[in-house]
Amino acid sequence: HRAARNGEHFAVALVDLNGLKGIDDHFGHAAGDEALQAVAERLARCVRQADTTARLGGDEFALLLHDVHEVGRIMRTVLQACDEAQPLGLGHRMPLPGSVGVARYPEDGDHASALLRQADEAMYRAERAGGPGSRWAMAGAASEVHRAGSLASGDGDGDGGGVADGATLLKRMRVAWSQRAARLPLNGPRS
């Protein structure tokens, strides 16, 4: 409500890591957990201090981005963080590519469940694009899929700016996704 009242804009990004099952199968769950922790720490470093990162469960994360002008830059750093080799224990390292979908408020939805649905659809469109490495897509059927390294340094998406009420959105995200995933601590058990 605050964002609508103040004319604020923000973006929600859903990150799905591709390949965690392979790490678990080949190196064990402890290695998968170590890789998840490393990705979580890297994702937190990709966003600004005012932004929010949350693990939704399993290999899915959410990012609440308060400046829609920074989406392109942030997505570039997120993809690079996923494609960077993750520690797996016993000296092994391996990239953990991700598929990311981004939805903007109010352009792609005016409430949490609509934004999550749009971001989820964009994430799956990015995933279906296939090929090696990480990729991301914006909500909207005509949106193209971007790959790591494919964005110019000044790229950004969206219009508007301002600071949204992150705590309220995250509460609504947990309610909207309660059937799909529980919010887990970064070092907690995976579903």
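This is a predicted model: local features need pLDDT of at least 70, side-chain atom pairs count only at pLDDT 80 or more; totals for chains, interfaces and linings use all residues.
Residues are numbered from 1 along each chain as its sequence is written, and side-chain values use heavy atoms, with hydrogens and water left out.

**The whole chain**

Next, display the entire protein. Its mean pLDDT is 76, and 72% of its residues reach 70 or more. The protein has six helices and eight strands; these are DSSP runs, helices being H or I of at least four residues and strands E of at least two, numbered from the N terminus. From that terminus the order is α-β-α-α-β-β-α-β-β-β-α-β-β-α. Of the 191 residues, 49% are buried, meaning under 20% relative accessible area with a 1.4 Å probe and protein chains only.

**Helices α2 and α3**

Now select residues 20-27 (helix α2) and residues 29-46 (helix α3): their axes come within 7 Å and cross at roughly 140°. Axes are lines fitted to C-alpha atoms, for helices over the stretch in contact, and angles run from 0 to 180 degrees between N-to-C directions. On α2, highlight L20, I23, D24 and F27; on α3, highlight H29, A31, G32, A35 and L36, which complete the contact.

Remain on helix α3 and pick V39. V39 counts as buried because its relative accessibility is 2%. Leaving aside neighbours within four places in sequence, V39 is in contact with L17, F61, Q86 and L96.

**The nonpolar cores**

A nonpolar core is a set of buried Ala, Val, Leu, Ile, Met, Phe, Trp, Tyr and Cys residues joined through side-chain atoms within 4.5 Å. To view the largest one, of 31 residues, begin with M75, V78, V100 and V102, which have the most contacts inside it. Elements that each supply at least two residues of this core include β1 (10-17), β3 (60-65) and α4 (71-83). Centre on M75: beyond four places in sequence, M75 is in contact with A13, L63, L65, V100, V102 and W136.

Finally, select L56, L115, L116 and A119, which are among the 13 residues of a second, separate core.

How values were computed: Contact means heavy atoms within 4.5 Å. pLDDT is the predictor's confidence in each residue, from 0 to 100. Buried means under 20% relative accessible area, exposed over 50%, partly exposed in between (1.4 Å probe, protein chains only).
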